[in-house]
Amino acid sequence: MSAYEQTVVLLARATAFTVVCQACAELEPHGEYVGLTAQGTLRLGHDLGWTTCPRGHRIRVIRAGEKDDGLFEHGHDYPAGARSANFA
Ligand SMILES: [Zn+2]
């Protein structure tokens with residue numbers, strides 16, 4: 001469902017991440033954390049990817065700029081609601 005399209009932003013050098021699936025958290029607000037998380041990887045040099053949570057919701061992954069402080073310096077137009085991932 002497009003209503004549950006999610007986007008997470010990775011830091012420039014992050015290659016692995018864990019993120020809570022908001023769609024699952026909404027379906028199961030009292031569920032165990034581990035059951036609500038999606039894990040994924042994004043190779044260095046790649047700046048766009050996808051991961052899928054255990055229930056099959058797709059989560060879009062975009063990489064921030066090369067510089068640590070580059071998140072908002074390169075003219076990227078991050079979608080509303082984009083959020084940072086927790087890094088594995
Ligand atoms: Zn999910």
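**Strands 4 and 5.** I began with strand 4, residues 48-52, and strand 5, residues 58-63, in this predicted model. I find the two strands paired in the antiparallel sense, over 5 bridges.

**T51.** Next I picked a residue of strand 4, T51. Is T51 buried or exposed? I counted 21 other C-beta atoms within 10 Å of T51; the cut-off for buried is 20 or more, so T51 is buried. Leaving out residues up to four places away in sequence, I list A38, Q39, G40, I59 and V61 as the residues that T51 touches. I also checked T51 against V19: the two are 32 residues apart in sequence, and their C-alpha atoms are 9.7 Å apart in space.

**The nonpolar core.** I turned to the largest nonpolar core, which has 15 residues. Which of its residues touch the most other members? I find V8, L10, V19, C21 and I59. I then looked up the elements that give two or more residues to this core: strand 1 (6-10), strand 2 (16-20), helix 1 (22-27) and strand 5.

**V8.** Last, I looked up the contacts of V8, setting aside its neighbours within four places in sequence. My list for V8 has V19, I59, V61, R83, S84 and A85. I note that I59 and V61 are also on the list for T51.

Terms used:
Residues numbered from 1 in each chain as written. Predicted model: local features only at pLDDT ≥ 70, side-chain atom pairs only at ≥ 80, totals over all residues. Pairing = 2+ DSSP bridges. Helix = DSSP H or I, 4+ residues; strand = E, 2+ residues; numbered from the N terminus. Buried ≥ 20, exposed ≤ 12 C-beta atoms within 10 Å, placed from the backbone. Contact = placed C-beta atoms within 7 Å. Core = buried A, V, L, I, M, F, W, Y, C linked by C-beta atoms within 7 Å.
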